Amino acid sequence: MIQPGHFFELHDVRKEYVLRRGLLQRLTRRAPKVAAVDGVSLSIERGTIFGLVGESGCGKSTLAQIMVRLIEPTAGKVLYRGADVARLRGEEERAYRHAVQMVFQDSGSSLNPRKRIRRVLAEALSARGVGGAAARSEIATLMRQVGLDTALLHRFPHELSGGQRQRVGIARALAMKPEVLVADEPVSALDVSLQGQIINLLCDLNRELGLTIVLISHDLAVVARACTQIGVMNAGKIVERGTPQQVLFSPVDPFTRQLLASVPRGLAGRHRRLEPDISPAEKALRSVRQPRLPADEIGRQRSASIA
Amino acid sequence: MRQPQSVPPKPLLHIDGLRIAFKAGRQWREVVRGVDLSVAPGEVVGLVGESGSGKSLTALSILQVLPPEARIAGGRIVFDGTNLVGLSRKAMNKRRGRDIAMIFQDPLTALNPVIPVGRQIYDSLRTHQTIGHKAALERIQELLEMVGIRHPRERMRAYPHELSGGMRQRVMTALAISSNPKLLIADEPTTALDVTVQARVIGMLDRVRRDLGIAVLFISHNLELIAEICDRVSVMYAGKVVESSAVETVFETPRHPYTRQLLRCIPRLDGASGPMPTIPGLPPRFDSELVGCPFAPRCDEASDRCRAAEPPAWREPGHLAVCWEAA
């Protein structure tokens, strides 16, 4: 399915975490493992916006961290322009880290609260070796690109609104002249009236700079609006992939259908809530879904032992 | 809303001209600037607005659990015939949790982390009601079953952190309804949850309140969710109710431009592409001086009149909009 020479590819990527339950299990090395990402293969074309949708715990953020190499996969390969990312060293590795940038959900905690915006951007630029007058003019350009007034440069992050902070987060990523932007829930902390502004900004950057964007969100409607391709993730796997039209109007996977059915739909959704709490669809879903670890399972075991 | 047409004859909760001030440095700034709101027995009223609109402070003021830097600066909160504003701490304690219960966005901070959830419900039952030990245990199981928790006998021994987000919200609801309240205030109860879990929790809330006939004040920024479960809705902007009516009216024939633009911004699963609709600009900061209509700087229908003077309330039976252009 995946042809060589593609822009950004994931080959059967896995990330396992060991659940440390107790001393005995640790000693006998039989501690159970959970696969946060369970064999994901993807090919993202250059200059597109790829949407990754799923619920909390489905592994979408883990996948994002693997893409930007914040964490290494347990198995599988990430290929960037045909090169195995895990084998990059020295200058090549640095080039990759610059080329693939991340925008975080909570720009409030990803920006140093004690540094003014100018310094946040200047530091990013200095990582690329840009300083002095060149940095000053580039900072002005970055601010314009993300639609911020340069008057905000002397502010601290807490003096900005959530939307403005998110724009700073994007500007900081752009400072590295990236090829790929991995945006992990960039709008979920924002009010609905501001979400569109940030999504539109990402779309503009995609169009104007040819930036490839991986947009990760739990909100199917937001992703469907902005992306050319969507992957739906559940329990560490991509369960559905297609264009927004395909995913919204002819979903194949039961989880995608459940996701679509759960989205509130205003007046049209009135009174549909009166159905019994546990529907057959939900039962089907539960059997598909990996047990949500650790909360439910451990809770039960623990309660049993206390009883 | 003083018009009797929109309000059933005897509201359970009637908020009248509520003002809440917030401490900004040395001075107090009004962040809730004259809110009128009423909830009839058994009714579900939605309160919608963006962050900073004052919706949560309004909710907290009903139970008088405002943060220390906020205080009620005026108005009345009449619950079941008694004005709660200025009530003694002792008298308020009697009502809090018994007549009026509240569930929050984050159950993990609302539940005690070191006490099993069943014990927390037990304590609430024994505090608010004359109920024996055995009867209380049975009642806990009944309550947990009511909110859709299976194996309640086992689950009541669990600590909050051992439960998933949806489960915790169910436990908090069980705790809230344990004292048979007349009013349940739900402040963004599903905002932290996944949509599939949200759908189930909302289904549960709707069933529970129908079974018990509880009135609900449902606070959310999610208009689509409000539309699904509320009878009436009030839209707040910059500390004021700017539009209020039956939920169908607000969604089908909104009179306030803010409501209209907010409705347009909701991302929908309609397969539309292209730029997303947005409301330009930002809501006013709580410490800024407001002249004229606070929404005017972001409004595409604003005129000089809107920027100069505060708009009057436009009223029709059962419908209110605070806008110069609504009339």
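The predicted model scores ipTM 0.84 and pTM 0.85. For chain B, the mean pLDDT is 90, and 97% of the residues reach 70 or more. Residues 1-5 of chain B have a pLDDT below 50, and this stretch has 9 contacts in the model beyond near neighbours in sequence.

Chain A contains 13 helices and 10 strands. Of its 307 residues, 41% count as buried. When contacts in chain A between residues at least 6 apart in sequence are considered, 68% join residues at least 24 apart.

The two chains meet through 48 residues of chain A and 45 residues of chain B. On the side of chain B that touches chain A, five elements of chain B each supply at least two residues: helix H6 (152-155), helix H8 (195-212), helix H9 (223-229), helix H10 (247-252) and helix H11 (257-265). H8(B) gives the most to this side, with 10 residues. By class, the residues on the side of chain B that touches chain A comprise 21 nonpolar, 11 polar and 13 charged.

H8(B) also packs within its own chain, against helix H7 (residues 165-177) of chain B, at an angle of about 15 degrees and with the axes 10 Å apart. Because angles under 35 degrees count as roughly parallel, H7(B) is roughly parallel to H8(B). The crossing in which H7(B) passes H8(B) is right-handed. From H7(B), the residues in this contact are B:Gly165, B:Gly166, B:Gln169, B:Arg170, B:Thr173 and B:Ile177, and they meet B:Val197, B:Arg200, B:Val201, B:Met204, B:Leu205, B:Val208 and B:Leu212 in H8(B). The contact of H7(B) with H8(B) holds 7 nonpolar, 4 polar and 2 charged residues.

How do the axes of helix H7 (residues 162-174) and helix H8 (residues 192-209) of chain A cross? They come within 10 Å and cross at roughly 15 degrees, and H7(A) and H8(A) are therefore roughly parallel to each other. Their crossing is right-handed. In this pair, A:Gly163, A:Gln166, A:Arg167 and A:Ile170 of H7(A) meet A:Leu194, A:Gln197, A:Ile198 and A:Leu201 of H8(A). The contact of H7(A) with H8(A) has 4 nonpolar, 3 polar and 1 charged residues.

A:Arg118 lies in helix H5 (residues 117-127) of chain A. Why does A:Arg118 count as partly exposed? A residue is buried if 20 or more other C-beta atoms lie within 10 Å of its own and exposed if 12 or fewer do; A:Arg118 has 17 C-beta neighbours inside 10 Å and therefore counts as partly exposed. Apart from neighbours within four places in sequence, A:Arg118 is in contact with A:Ile139, A:Leu153 and A:His154. A:Val68 is 50 residues from A:Arg118 along the chain, and the C-alpha atoms of these two residues are separated by 24 Å.

How values were computed:
Residues numbered from 1 in each chain as written. Chains lettered and ligands numbered in written order. Predicted model: local features only at pLDDT ≥ 70, side-chain atom pairs only at ≥ 80, totals over all residues. Helix = DSSP H or I, 4+ residues; strand = E, 2+ residues; numbered from the N terminus. Contact = placed C-beta atoms within 7 Å. Nonpolar A, V, L, I, M, F, W, Y, C, P; charged D, E, K, R; others polar. pLDDT = per-residue confidence, 0-100. Axes fitted to C-alpha atoms, helices over the stretch in contact; angles between N-to-C directions. Parallel < 35°, antiparallel > 145°, perpendicular 65-115°, else oblique. Left-handed = near helix turned anticlockwise from the far one by under 90°.
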